[in-house]
Amino acid sequence: MSTNMKTCPICEEGQIHETSREREIEYKGEKTMMPLYYSVCDACGSEQGDAEQSRKNKQVMLSFKKQIDGFLSGEEVREQRKRWDITQAQAARIFGGGPVAFSKYEADDVIQSEPMDKLLRVAQAVPEAFIWLAQQAGEMDVCQKARKASFDLIENSLTRKDDSVVLFKARSKPVVTNIEQISVSSTDSLQIAG
Ligand SMILES: [Zn+2]
């Protein structure tokens, strides 16, 4: 007997086996095929779900809702967090939502609020916004890393045209002026452009 086998609580004779089947789900008039996770008894044939399967089924439904409602998917939130190189706990300190918020967003256990979704998108689109949020949260290492990355990004997109160098210099002035703690190490490398 495999350790995964469980005796059926209904007939108390058969073993229940985990399985899944495709089923259609509908949300706001949109339909899709998604897996339904459950177990079936090999003796009485009854279908049943445990807490873990119920959680997986809920995640499937929530990921579809996120897609239809235009929210960042759990996977997208995780990818962006990895790009920022921060832990889930740091993300929660920077963006709010409580200590387990990001583990829940990323697992599709909950849908982030609309303001949280917008905040994440702003931080994604505007590096200075992320830097500001990290600074407000006292995450100075994160702040410094993000600032460096943002400089590298601009630097890499530089052409050799003089006017773009001027543009770059103008942009290099910190938008967030109250980050005294940050030493911008890449400032030196800007000089080569001038
Ligand atoms: Zn049974």
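Which residues is isoleucine 94 in contact with, leaving aside its neighbours within four places in sequence? They are Ile86, Leu133, Ala134, Ala137 and Glu139. Two residues are in contact if their C-beta atoms, placed from the backbone, lie within 7 Å.

The model is predicted: local features need pLDDT of at least 70, side-chain atom pairs count only at pLDDT 80 or more, and totals for chains, interfaces and linings use all residues. Residues are numbered from 1 along each chain as its sequence is written.

The protein has nine helices and four strands. Both are DSSP runs, numbered from the N terminus: helices are H or I with at least four residues, strands E with at least two. From the N terminus on, the order is β-β-β-β-α-α-α-α-α-α-α-α-α. Helix H1 covers residues 51-69, 19 residues in total. H1 reaches 26 Å from its first C-alpha to its last, close to the expected 27 Å. The expected span is 1.5 Å times one less than the number of residues. Just after H1, glycine 70 has a positive phi of about 80 degrees.

Buried residues make up 17% of the 194 residues. A residue is buried if 20 or more other C-beta atoms lie within 10 Å of its own, exposed if 12 or fewer, and partly exposed in between. Of the contacts with a separation of 6 or more, 53% join residues 24 or more positions apart.

In soluble globular proteins, nonpolar side chains tend to be buried together. The largest nonpolar core here has 21 residues. Such a core is a set of buried Ala, Val, Leu, Ile, Met, Phe, Trp, Tyr and Cys residues joined through C-beta atoms within 7 Å. Ile94, Phe130, Ile131, Leu133, Ala134 and Ala146 have the most contacts inside the core. Helices H2 (74-84), H3 (88-95), H4 (101-106), H5 (114-125), H6 (127-136) and H7 (140-156) each supply at least two of its residues. H6 gives the most, with five.

The buried residues of H6 are Phe130, Ile131, Trp132, Leu133, Ala134 and Gln135. Their cover includes H2, H3, H5 and H7. H6 and H7 pack at about 165 degrees, with axes 8 Å apart. H6 is therefore roughly antiparallel to H7, a term for angles over 145 degrees. Axes are lines fitted to C-alpha atoms, for helices over the stretch in contact, and angles run from 0 to 180 degrees between N-to-C directions. On the H6 side, the contact is made by Pro127, Phe130, Ile131, Ala134 and Gln135. H7 contributes Val142, Cys143, Ala146, Arg147 and Ser150. Glycine 138 follows H6, with a positive phi near 75 degrees.

Technical notes:
Parallel < 35°, antiparallel > 145°, perpendicular 65-115°, else oblique.
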